[in-house]
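Here is a short briefing on one protein model. Look at the structure first, then work through the points below.

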Amino acid sequence: MWLLSLSSSSWWNAREQDTRPWGSTSIGSKEESLSDTEVNGSWTPQEKALHEARIKAKAKRRLRRTSSRDSTRESLSENTGDPGTEPTSPKGKINTNDRKSRMGKGRGGAGGKGVWGAAGMVYEMEEPDAKDPNYDESYQGDTVYATVTPELEEQDLEKTVTPIVQEYFEHGDTREVQMLLKELNLGQHRFEFSSLAVSLSLEGKASHRELTSRLLSDLVGKGLTEEDTARAFDRILKDLPDLILDTPDAPQMLGQFVARAIADHALPLDFLDRYKGMVDCVHARAALDRAAVLLSMKREIVRLDNVWGVGGGQRPVKHLIKEMNLLLKEFLVSGDVSEAERCLRDLEVPHFHHELVYEAVIMVLESKGDTAIRMMVKLLQAFWKMGLITLDQMNRGFQRVFGELPEISLDVPHAHAILESFVELCYQESVITKHLRDTCPSRGRKRFVSEGDGGQLKN
């Protein structure tokens with residue numbers, strides 16, 4: 001009976017514990033501890049006090065946790081306007097890993113960094129910032145692209161300028177040189193272009209020096225200044241001792257360059273005055289003296305156009321014919337083939353050498369005696385072997401005489417006979433070809449016989 005009553009009492013206490021409300025956890029725990037003490041009855045007073053202290057501390061923690069949840073629920077209710085949300089519900093929890101804005105703005109498009117903005121929102125135009133990583137200057141207006149040419153170094157200057165000057169000696173177009181110089185960035189070495197051009201022309205022909213003087217005159221104000229030209233001639237005057245080794249006449253030619261440049265306003269008018277009493281080099285003094293003499297002689301002339309002569313095919317035809325006649329007359333007097341060769345080369349008209357052949361044959365037809373014939377054959381033979389007169393030029397010169405022989409015979413009655421002997425001698429000396437000799441015109445001699453022959457005309 002006692003065992004049964006104990007079991008009934010335990011079952012009743014368990015049922016009462018199950019039917020207690022959720023909010024009475026602390027009171028139930030206390031009653032449970034007292035009932036356990038009454039049932040077991042084996043605890044000491046110290047153990048009982050310790051057990052009660054633990055239960056009170058546990059109750060305090062539960063009350064503290066419950067009060068913090070209630071305060072959180074109240075704050076969320078005030079912000080969201082939903083007072084009925086439980087703290088333990090998903091809507092009441094705050095997820096610290098959530099990327100939504102805590103200011104009530106999120107990916108809905110209400111603004112912020114990296115978002116498009118609210119629907120219907122109109123943005124004002126903002127001034128572009130050049131420091132912005134996304135700044136694109138192509139959208140800020142017209143874009144101008146410019147080619148930047150690096151400055152030409154001094155060691156590469158001669159390799160670049162020399163071909164330009166040599167080509168200019170062939171075509172003589174100063175505008176092309178000006179265009180090429182614009183493509184080069186000479187920088188502080190601009191004056192060295194003029195010094196290189198003058199140095200190259202000193203080693204060349206008279207026509208090259210004439211072209212160089214024209215080039216210096218045309219480039220002033222179009223890429224070069226008078227001071228650049230002055231610096232160039234300063235450099236050449238200092239280099240005269242070295243230039244004389246290759247060109248013995250360099251001081252005289254440089255003086256002519258200086259005089260022509262001053263007359264063409266390519267050099268300052270006071271260029272010579274800068275050197276008065278300041279020149280120690282003998283060659284530089286000779287060049288400056290030559291320039292001063294030329295300028296004093298040509299004071300009335302604005303340009304010293306004839307300081308180098310008119311070069312090559314730019315000379316008038318009448319002037320070339322006159323020069324060739326003088327050349328042939330001097331040869332008949334001196335008999336110097338080398339001097340005649342130099343004069344012909346200085347004319348620089350290889351395409352016009354047929355005129356020399358023509359003038360030589362005419363001079364032979366107009367001469368008296370065999371001396372002129374022998375000397376002209378010697379001269380033509382020398383020019384033929386040197387290559388100064390080509391086969392085409394030789395044939396053309398003789399054929400011109402053949403075609404004009406009837407008119408020549410009016411002034412020179414014996415022209416046919418002299419021409420036949422001269423052509424035969426030239427053929428024997430291998431000056432002309434057999435075909436050219438055979439084409440030489442000949443006039444048959446005709447005479448009337450006596451009356452007894454019946455008045456027949458015999459050849």
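Helices here are DSSP runs of H or I, at least four residues long, and they are numbered from the N terminus. That numbering places His265 in the loop between α10 (250–263) and α11 (282–297). The model is predicted. Counting salt bridges over the model gives 16.

- Most residues other than glycine have a negative phi.
- His265 is not a glycine, yet its phi is positive, at about 60°.
- This histidine, His265, has a relative accessible area of 48% and is partly exposed.
- Buried means under 20% and exposed means over 50%, so a value in between counts as partly exposed.
- Ser430 also has a positive phi, about 65°, although Ser430 is not a glycine.
- Look for Ser430 in the loop between α17 and α18 (434–438).

- Glu210 pairs with Arg214 in a salt bridge, and their closest N and O atoms are 3.0 Å apart.
- Both residues belong to helix α7 (residues 206–219). They are four residues apart there, so about one helical turn separates them.
- Is Glu210 buried or exposed? Its relative accessibility is 4%, under the 20% cut-off, so Glu210 counts as buried.
- Arg214 is partly exposed, with a relative accessible area of 30%.
- Glu210 also forms a salt bridge with Arg260, where the closest N and O atoms are 3.1 Å apart.
- This second pair links distant parts of the chain. Glu210 is in helix α7 and Arg260 is in helix α10, 50 residues apart.
- Both Glu210 and Arg260 are buried.

**Another salt bridge**

- Arg274 and Asp270 form a salt bridge, with 3.7 Å between the closest N and O atoms.
- The limit for a salt bridge is 4 Å, so this pair counts.
- Arg274 has a relative accessible area of 34%, which makes it partly exposed.
- Asp270 is partly exposed too, at 36% relative accessibility.

**Charged patches on the surface**

- Which residues form the negative surface patch? They are Glu203, Asp239, Asp242 and Asp246.
- Asp242 sits in helix α9 (residues 240–246).
- The relative accessible area of Asp242 is 53%, over the 50% cut-off, so Asp242 is exposed.
- A patch of positive charge gathers Lys56, Lys58, Lys60, Arg61, Arg62, Arg64 and Arg65 on the surface.
- Arg65 lies in helix α3 (residues 45–80).
- At 43% relative accessibility, Arg65 counts as partly exposed.

- His416 is part of helix α17 (residues 415–428).
- Why does His416 count as buried? Its relative accessibility is 15%, and buried means under 20%.
- The side chain of His416 makes a polar contact with the side chain of Ser409, at 3.3 Å.

- Where is Ile236 found? Ile236 is in helix α8 (residues 226–238).
- Ile236 is buried, at 2% relative accessibility.
- Ile236 and Val198 are 38 residues apart along the chain, and 8.3 Å separates their C-alpha atoms.
- Glu192 has its place in helix α6 (residues 191–202).
- Glu192 is buried as well, with a relative accessible area of 8%.
- Glu192 and Ala232 are 40 residues apart in sequence, while their C-alpha atoms are 5.9 Å apart in space.

How values were computed
Residues numbered from 1 in each chain as written. Predicted model: local features only at pLDDT ≥ 70, side-chain atom pairs only at ≥ 80, totals over all residues. Heavy atoms only, no water. Helix = DSSP H or I, 4+ residues; strand = E, 2+ residues; numbered from the N terminus. Buried < 20%, exposed > 50% of the residue type's maximum accessible area, 1.4 Å probe, protein only. Polar contact = N/O pair within 3.5 Å; in protein donor to acceptor, adjacent residues only side chain to side chain. Salt bridge = Lys/Arg side-chain N within 4 Å of Asp/Glu carboxyl O. Patch = residues over 30% accessible without salt bridge, like charges linked within 9 Å, V, L, I, M, F, W, Y side chains within 5 Å. Areas by Shrake-Rupley, 256 points an atom, 1.4 Å probe, with all protein chains shown as cover. Lys, Arg positive; Asp, Glu negative; His and termini not counted. Charge placed at Lys NZ, Arg CZ, Asp CG, Glu CD.
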